[in-house]
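Please keep the structure in view while going through the points.

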Amino acid sequence: MKLRATSSAPVRCQHRDGTSSVALATQRPLWLVGADICVFARLDLARIPERHRARAVAERARQLSPFPDQGWHAADRDGSIALWCWDAAGVRAAMAADPESERAWEIVPEQVFFSPVRDACLRERGATMVLERWCDDELVFSTVLPAAGQHRALCLRSAGLDADADLPVVAAEPGPRWD
């Protein structure tokens, strides 16, 4: 699905099933990395002095990422860090294939534009469902949810939910950036 950008700066969103344009008002070209191709972690680094936190986050990103060539983004709220990691080589390849590949893109996870929900929800991305858990307007858990079976129950339990939880499906439409 191609949507027309609402500003002069282009916005693209990359998912497992391809890349599309996104209608989002921005002054800078943005490359959004879909939640379905990111690994998410919540880190508690409040005890680490702020001047040392960036180095600590970079080290944790290297430890947590399964990708040999990793890209990552962190959102810090008083030492409570939302961390996304992705395959940087895959993102660079998709960017190179884009008609506007010469642009200087800012690469960020799409979830920084999703509005917080009260507790937990599913966000539909094509054939993929992403399970999100929010607490005090902070994303604390995010994973791709398997279609059915025991793995789905395990994902729900990993998020602190009942294995048979009936979660609302929330639109995966971008809103104001919260990071």
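1. Strand β3 has buried side chains on both of its faces: L30 and L32 point one way, while W31 and V33 point the other way, and all are buried. Buried here means under 20% relative accessible area, exposed over 50%, and partly exposed in between, with a 1.4 Å probe and protein chains only. Helices (H or I, at least four residues) and strands (E, at least two) are DSSP runs, numbered from the N terminus.

2. The model is predicted: local features need pLDDT of at least 70, side-chain atom pairs count only at pLDDT 80 or more, and totals for chains, interfaces and linings use all residues. Residues are numbered from 1 along each chain as its sequence is written, and side-chain values use heavy atoms, leaving out hydrogens and water.

3. β3 pairs with β1 in the parallel sense over four bridges; two strands pair if DSSP finds at least two bridges between them. L30 of β3 is the bridge partner of V11. β3 also runs parallel to β7, joined by four bridges, and W31 stands opposite I107 in β7.

4. Which residues of helix α2 (residues 88–97) are buried? They are A88, V91, A94 and M95. These lie on the same side of α2 because they cover an arc of only 130 degrees around the axis, taken from the directions from the helix axis to the C-beta atoms. On the other side of α2, A96 and A97 are exposed.

5. The cover over the buried residues of α2 includes β1 (11–15), β3 (30–33) and β7 (106–109), where contact means heavy atoms within 4.5 Å.
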